[in-house]
Each structure stands twice: as C-alpha cells, then as structure tokens.
Amino acid sequence: MSDTPPVITGTVYVVGDNIDTDQIIPAQYLNLVPTIPEEYKKLGSYALIGLPEACPPFVEEGQMESAFPIVIAGRNFGCGSSREHAPIALGAAGVKAVVAESYARIFFRNAVATGELYPMESEIRLADVFQTGDAATLDIGAGTLTAGDGTVYSTKPIGDVAPVVSAGGIFAYARETGMIGTDSQ
Amino acid sequence: MSMTITEKILARAAGRDEVKPGDNIWVNADILLTHDVCGPGTIGVFKREFGQDAKVWSREGVVIIPDHYIFTKDVKAHRNIDILREFVKEQDLPYYYDPGTSNYKGVCHVAMPQEGHVRPGEVIFGTDSHTCTHGALGAFATGIGNTDAGFVMGTGKLLIKVPETLRFTLNGKLQKGVTAKDIILRAIGDVGVDGATYCAMEFDGDGIADLTIEDRMTICNMAIEAGGKNGIIASDSKTEAYVRARTDKPFTPVTSDPDSPVKEHRTYDLSELVPCVAEPNLPDKYAAVTDRTDVKLTRAYIGSCTGGKISDFVMAAQVMKGKKVSIDTFLVPATQEVAEGLMSEQIDGQSLVEIFAEAGCLDIAPPSCAACLGGPLDTFGRANTDEVVISTTNRNFIGRMGSKQAQIYLASPYTAAASAVAGHIADPREFL
Ligand code: SF4
C-alpha cells in the first residue's frame, strides 16, 4: 500500500451478511498458488464466483479483472477459512477496498498482512443503502464514502492495525520496528 | 492480575508477566502447521521476503501435513505437493507426512495431536482456520494466512492481539445419543456465526472431565464457526496421558486463574442438550432434530477433522449395526490411523468396516479432507448437483461441499448415521 492513503472512485458491488471465503474463492480454485504471478491473476478472475447464481457477475466472463474497485458488504465479511486466496482474489481482480459492517478476524488480518486491499468498516449498514453499479468515492484518509448523490457516509478509523497498514504490511512493519533485519530483500 | 488460560499462554510466549485483552504483542511460536493448499504460497512468501537460501526458524517447529487435494487427478494439486516435497528436502524438515508413502497421515488437525505435535501450554499457528482444534489439549492454536505464516516461518514470531474470552461452562453429563458436536452446534447457535469474533472461546466446567480428547477436539474445532480466534480447554490428567503417550517433549500446562474476568460467561447443563442439526447455509442455524424429521435427504457424509475421527465412526457404527442405509453414504476416515481403526475396532465381534459394508455404505475412501470442502471436481463425495446432505463436517456454506445447489445439514455422527438409515433427518436416540 502507498504512503498516502488513496482516494478510490468507481462503481460499487454490493453483497449481504456472512459472505464466506468459499463464496469469495471456492475451494476448487485453491490449487492456484498466489505467489506464482499467472496464478495470482487467475485467482482474480474467479473472485466472488461462489456467490449465489442470482447475483450479477463480479468479473465478466472472459475478463481477468472486475469493473468494481469497491465492494460494500454487511456483517462478518470473509468468514470461514483462513485462505489468503480470498483477499488476494479480490485484490487481483482490482478491488482496492471493501467497506463492510464487520469482518471475520482472519480475513481482516490477511487483508492487512498482504496489503491487497483496505478492509474498511462502515459506521452504519451500507449494504441496504447502495446497489451494485452505483458510483461512489472512498477517501481512505478522510474516512468517508461519498455516494453519487453527494451523501457522505463515514468509515471507522482503522485502529490498532493502522501502523501495519501504513507501513505496507506485516513484513514492512516488522522491518520498520526492527523486529526483523532490513538487509533481506 | 488474574488471567485466563489464553492470556497466560500468550503472556508466557511473549516473555511477559501479564497481558490483557487488546494488547498487541509479539509472541514466540512453538509450531507452525501448513498443508498442500496454503503451504506452497507460504513458502513463496518466505522465499520472497527472506531470500532464496533462507532457513526456517526451527526445523522441528515446522510441521507439514498434506491433506486437502490428495486423491485427485488435478495436475496443479500434484504440483503443489511437489513444491512441499522439494522444500522439505531443501530445509531437511523432520515432520513431513508424504502422500503415497507409509508416512502419509491425512487430515492435518487429526494428525497433529495423534503425532504428538500438540502440547498443553504451547502456541500453534497454522495456515488453516481449523487450527483452533488444538486448543482441545490446552494449547493456544489459531489459523493464519500465508503472509503471516511466511513471517512465522522465517522468524518464529507473530504480532497478535490478545483476545477477549467468552467462557462456556459445561456442567453435568450428556444424555445417550447426544454428543460433543451437539454441544458446539448449540453454542454456535446461541452466540451466532460472528458472536465470538476476535475472541477466545474457553470451555470449562465439571462436564469436561467426562469428554474424551476427541470430543474436546470436536468442540474446539468449530470455534472458528462462531468467528473465534481460538477454542481452548485446559488440560487435565486425560490430556496429559494422551500427550505423554505420543511425545517425549517436555511441556508446562497452564490453566485459567479462578474467576479471571471474561467478556461473557454462559453456563450449560449438558443433560438438557438434545441431538441437533445446523441447517443450510450457516453453522449457527440450530434446530433440534425432532423439529426437522420432515427433511428428506439424498446423501450422508461422515468425515473431516470435525467428524472423521475413530470415535465418530464408532458412533456411526453403533447406529448402523444390523441396519441398512437408504441413501448414498460416504465414509472418509480423517487419517490413516483412523482407517486402520475401522478394521481393528469391533462392536459385538464385528469390525466397523464390516458393519458399514453390511449397512450398504459406499466403499470407504482413503483418508483426506475429500468433499468436506468440495475440492477438485473428481473429489470423492463432492456434491455436484442439488444434493441434500447430512454431514459430520463443520461448514454448510453455499457451495462448501461442491455445488451451490447442494444443501448441507451439519450433525453429529449419531444423527448422520440415523438419518442415513431413515432417509430423512432422524433422532438417533431411537436407534441406540
Ligand atoms: S477436513 Fe475439512 S475443515 Fe478439516 S482441514 Fe480438511 S477441509 Fe478443512
């Protein structure tokens, strides 16, 4: 993640409560290894493919990335497995941030540790306010999500993990704080 | 200051006299567990960050147990196991359980305690959310992602936040036909799938003593299904006997201080619990079996780290003995040791294998995670259509066992077996 928190503008994709990691990236794609570059990209093409069939496609067929840089969710986003493939699939698909009412612990942690996306928490439930395809601007630094009609919704401060996020993930943070040496690449 | 078992283990691992919930601390790991699905990515992170020639922090600390995608023709799945093999060779790691050899084990969370890698009072990180299983032996054990695991692999440390504790006091004795699975499904139903988010789920009470180590594993295994960071049960003489039979390594057990403060405390009278299911599509959708006997099923599945241990198969066999299943019934022992137990364990002179064959179950699969998480399309027991499954596994999310159309009911081995015989959700107490 960059030093200055970004401002993200684009259309949002909206999901409900308890979106588990099997819906974010189903198990049949876990044979892909995220640290292998082609497989990282491929994981992106399968992001959110496990959602119920009635949901609009998150990544259009034949595409590698999603048209939605922001995902808006209800409670307990990313529950279930510890697969880091989940934040990575979203990040690889071009998602810059998720704005959820709350997160499952491991997903939140993995999002922070990998620096794949900003896991923001909304002050109020936004999953019923926004619809997939709505335009929005998310200002991470200011903690605001602005809807197309100008309504401003606030996000919660990112809290204890802020130093890890601003350092750029767990490795950068550990190097900054002297927990591991800086000479390794 | 009085501390919970989780706080005490973390304080010790951080070299501090005390910690409190919310503290962010660097703790020393005793064990890092990984498997074929997350191992290759963890190794990738480790090499990217520490260099191609880097060495793991402790050869004895890294335990690698391939278990997820073993019996499949999927090319990448095999490539991933090859990545593990190469790494194990390069790092000369003693604890690797290679598929296709006599050293192969199967599901990591059942193999871990079985092989003596889980010891009371220790800190275990694993690249799998069900690493929380190992709290059953009084360890602090939690699931982490590949990046954190790559960090642990290189340093033996991790920055973590001390969780608050939810304490569940289990008193009394379970009635016949009611199991540890019914306890944890009841608890998850009560707190909800995010009710323990970031928290430790600690189980204590006079009812613990009667529970076997495997029962305790079933309970702690599903702490993550309430969002828990870890599940934990203090060790007792049963735990110590179990561990000492499997390892010579020394360990120092830890227990909660009496009346250590917790975020929330619930008390259960075990004698009041009943056989239950979790309905599709969340583990907190609790329903008593007696209220759901109208649900028709198309298959039963007995397996996984939650419900594929030897005690789980003994329960299933008690119900199925002398009866016939009326739906496709898939049996997947968690580990090789369990598979051997199916041949050696007997009920009234008949082995479990014979009982299941006579009952008309499908041929028993070799040990692995199999259809617990769907997996590649050719996985044994994978639900490829609109199956209605009763399963001893831990998750019933949409698509978890394969098809998004499949509906999964989670249940105990007794309930799954009784339902397999009846063809609908059935009360195991009528079969015992
Ligand atoms: S048996 Fe199922 S829950 Fe357990 S480790 Fe394997 S896939 Fe995960």
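Strands are runs of at least two residues that DSSP assigns as E, numbered from the N terminus, and in this predicted model B:Ser351 is placed in one of them, strand E16 of chain B, which covers residues 350–351. B:Ser351 is buried, its relative accessible area being 7%, where the cut-off for burial is under 20%. When the neighbours within four places in sequence are set aside, the residues in contact with B:Ser351 are B:Leu342, B:Met343, B:Glu345 and B:Gln346.

Burial is also found along a helix of chain B. Helix H10, which comprises residues 310–320, has nine of its eleven residues buried, so this helix is largely enclosed by the rest of the structure. The buried positions in H10(B) are B:Ser311, B:Asp312, B:Phe313, B:Val314, B:Met315, B:Ala316, B:Ala317, B:Val319 and B:Met320. Just after H10(B) comes B:Gly322, for which phi is positive, at about 75 degrees.

Elsewhere in chain B, two helices pack against each other, namely H2 (residues 39–50) and H5 (residues 146–155), with axes that lie 8 Å apart and form an angle of about 60 degrees. This angle makes H2(B) oblique to H5(B), because the range for roughly perpendicular runs from 65 to 115 degrees and roughly parallel angles are those under 35 degrees. The crossing of the two helices, H2(B) and H5(B), is right-handed. On the side of H2(B), the contact is made by B:Gly41, B:Thr42, B:Ile43, B:Val45, B:Phe46 and B:Phe50, which meet B:Asn146, B:Thr147, B:Ala149, B:Gly150, B:Phe151, B:Met153, B:Gly154 and B:Thr155 of H5(B). Of the residues in this contact between H2(B) and H5(B), seven are nonpolar, seven are polar and none is charged.

Turning to chain A, the secondary structure consists of six helices and seven strands, and from the N terminus on these elements follow the order β-α-α-β-α-β-α-β-β-β-β-α-α. The radius of gyration of chain A is 16 Å, close to the 16 Å that the globule rule gives for 185 residues, so chain A is as compact as a globular protein of that length. The C-alpha trace of chain A spans about 50 × 40 × 25 Å along its principal axes, and 56% of the 185 residues of the chain count as buried. When contacts in chain A between residues at least 6 apart in sequence are considered, 68% of them join residues at least 24 apart.

Within chain A, helix H3 (residues 85–92) is mostly covered, with eight of its eight residues buried; these are A:His85, A:Ala86, A:Pro87, A:Ile88, A:Ala89, A:Leu90, A:Gly91 and A:Ala92. The partners against which the buried residues of H3(A) pack are helix H1 (21–24), helix H2 (37–45), strand E3 (97–100) and helix H4 (105–114) of chain A, together with H5 of chain B. H3(A) is followed by A:Gly94, which has a positive phi near 100 degrees.

Two residues of H3(A), A:Ala89 and A:Leu90, are among those touched by A:Ala47, a residue in the loop between H2 and strand E2 (70–73) of chain A. A:Ala47 counts as buried, with a relative accessibility of 2%. If residues up to four places away in sequence are not counted, A:Ala47 also touches A:Ile24, A:Phe58, A:Val59 and A:Ala93. The C-alpha atom of A:Ala47 is separated by 16 Å from that of A:Thr11, the two residues being 36 residues apart along the chain.

Definitions and conventions:
Residues numbered from 1 in each chain as written. Chains lettered and ligands numbered in written order. Predicted model: local features only at pLDDT ≥ 70, side-chain atom pairs only at ≥ 80, totals over all residues. Heavy atoms only, no water. Axes fitted to C-alpha atoms, helices over the stretch in contact; angles between N-to-C directions. Helix = DSSP H or I, 4+ residues; strand = E, 2+ residues; numbered from the N terminus. Parallel < 35°, antiparallel > 145°, perpendicular 65-115°, else oblique. Left-handed = near helix turned anticlockwise from the far one by under 90°. Contact = heavy atoms within 4.5 Å. Nonpolar A, V, L, I, M, F, W, Y, C, P; charged D, E, K, R; others polar. Rg over C-alpha atoms; globule rule 2.2 N^0.38 Å. Buried < 20%, exposed > 50% of the residue type's maximum accessible area, 1.4 Å probe, protein only.
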